[in-house]
Amino acid sequence: MSHNTFGHLFRLTTFGESHGPALGCVVDGCPPGIPLSEADVQADLDRRKPGQSKYVTQRKEPDRVRILSGVFQDDRMAQQVTTGTPIAMVIENVDARSKDYAEIRDKFRPGHADYTYLAKYGVRDYRGSGRASARETAARVAAGAVARKVLASLYGAVRVRGALVQMGAQSIERKRWDWDETARNPFFCPDAGAVAAWTNYIEAVRKKGSSVGAVVEVVAEGIPAGLGAPIYAKLDADLAAAMMSINAVKGVEIGDGFATAAMTGEDNADEMRAGRGKKPKFLSNHAGGILGGISSGQPIVARFAVKPTSSILTPRRTIDIDGKETDIVTKGRHDPCVGIRAVPIGEAMMALVLADHALRHRGQTG
């Protein structure tokens with residue numbers, strides 16, 4: 001399988017399968033001298049790992065990361081730092097139950113990559129879907145932690161934060177948005193008033209053996225103007241591709257996105273007044289912090305839609321590998337709303353794109 005590498009100057013290659021012995025990544029292009037420890041990476045992995053509530057898959061994976069290369073410390077140094085060489089990280093799988101997939105070995109799950117994967121490669125790891133599993137994203141989150149450190153080294157206080165803003169048909173009230181609330185509930189929900197309703201809603205979905213989709217919003221603050229390029233390296237285009245590469249994502253928008261189609265030019269314009277020095281003060285942020293493919297210095301806002309999990313208990317019509325019609329029921333441990341754990345994944349992809357563009361910008365402009 002090709003196409004496992006992402007990025008240009010800051011590059012990520014992931015490896016491993018859902019039910020293999022381990023998965024991991026190699027991060028290449030990280031500048032030297034940046035403080036980096038396993039604890040820095042683990043903090044982000046702990047937010048993504050499964051089994052943290054009954055509203056996500058009950059697979060019990062500690063997701064303990066080991067950094068194998070690319071860092072150094074001796075008795076002259078206060079902390080471990082990057083060396084500028086490839087950073088390899090590995091996360092072992094300890095709770096895979098391959099037997100759960102025996103009944104669907106020869107069947108295709110509707111809405112899943114089962115059929116297309118086999119059509120392309122001629123072989124399919126049906127045990128948790130192999131590389132098509134959302135478990136692959138643990139390696140992305142590990143790499144995203146490194147990207148955050150790169151951004152901090154270049155720009156100081158940079159914050160990349162995500163939230164679940166819609167679960168199924170239920171959305172938050174934006175006037176009640178509170179970033180601190182995302183750490184106080186199992187949904188990464190920024191609206192405390194929505195948590196109780198979401199709890200009842202997803203509980204009913206879970207007990208039914210069904211699933212629902214979600215919308216995740218990711219915001220990056222502290223990024224200066226100038227990242228990106230006007231044609232083939234648009235910052236928003238790369239962000240859209242990054243978010244779309246996350247398993248189960250079916251739509252991406254930047255800023256107000258599709259809502260801008262119903263706006264007038266007056267409504268959509270992010271008007272400016274004089275700010276500090278020659279920098280403008282924007283009166284709104286409909287563009288999501290990106291104009292003409294280049295960051296404006298405003299918060300960068302990306303939003304993506306996650307489809308419902310395809311592995312459900314409700315019988316669905318399908319065919320098997322011989323083309324015969326049959327029904328399928330997927331047992332095992334699956335997320336009733338995979339969008340919940342997509343929040344730290346979206347943050348990681350935002351950080352990876354921004355770190356890559358930051359290094360590309362530095363390489364061109366000095």
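**Notebook: salt bridges and a helix pair**

I began with R76, which counts as exposed at 71% relative accessibility. The cut-off for exposed is over 50%. I note here that the model is predicted.

**Entry: R76 and its partner**

Which residue meets R76 in a salt bridge? I found D74, with 2.5 Å from N to O between the two side chains. I then looked up D74, which is partly exposed with a relative accessible area of 21%. Buried requires a value under 20%, so D74 at 21% is listed as partly exposed.

**Entry: the whole structure**

How many salt bridges does a search of the whole structure find? I wrote down 26. I looked up a few of them one by one.

**Entry: R105 and D106**

R105 and D106 form a salt bridge, and their closest N and O atoms are 3.7 Å apart. The cut-off for a salt bridge is 4 Å, so this pair at 3.7 Å counts. R105 has a relative accessible area of 45% and is partly exposed. D106 is partly exposed too, at 33%.

**Entry: D335 and R341**

Are D335 and R341 buried or exposed? I found D335 buried at 8% relative accessibility, and R341 buried at 10%. Their side chains meet in a salt bridge of 3.1 Å, N to O. The pair is also listed as a polar contact of 3.1 Å between the side chains. I looked up where R341 sits: it is in the loop between β18 (325-328) and α7 (342-365).

**Entry: α3 and α7**

Two packed helices are described by the angle between their axes and the distance between the axes. Helix α3 (residues 137-155) packs with α7 at an angle of about 45°, and the axes are 7 Å apart. That angle makes α3 oblique to α7. Is the crossing left-handed or right-handed? I recorded the crossing of α3 and α7 as left-handed.

Which residues make the contact? From α3, I noted several, including T137, R140, V141, A147, R148, L151 and Y155. From α7, the residues in contact include P344, I345, E347, M349, L352, A355 and R362.

Note on methods
Residues numbered from 1 in each chain as written. Predicted model: local features only at pLDDT ≥ 70, side-chain atom pairs only at ≥ 80, totals over all residues. Heavy atoms only, no water. Buried < 20%, exposed > 50% of the residue type's maximum accessible area, 1.4 Å probe, protein only. Helix = DSSP H or I, 4+ residues; strand = E, 2+ residues; numbered from the N terminus. Polar contact = N/O pair within 3.5 Å; in protein donor to acceptor, adjacent residues only side chain to side chain. Axes fitted to C-alpha atoms, helices over the stretch in contact; angles between N-to-C directions. Parallel < 35°, antiparallel > 145°, perpendicular 65-115°, else oblique. Left-handed = near helix turned anticlockwise from the far one by under 90°. Contact = heavy atoms within 4.5 Å.
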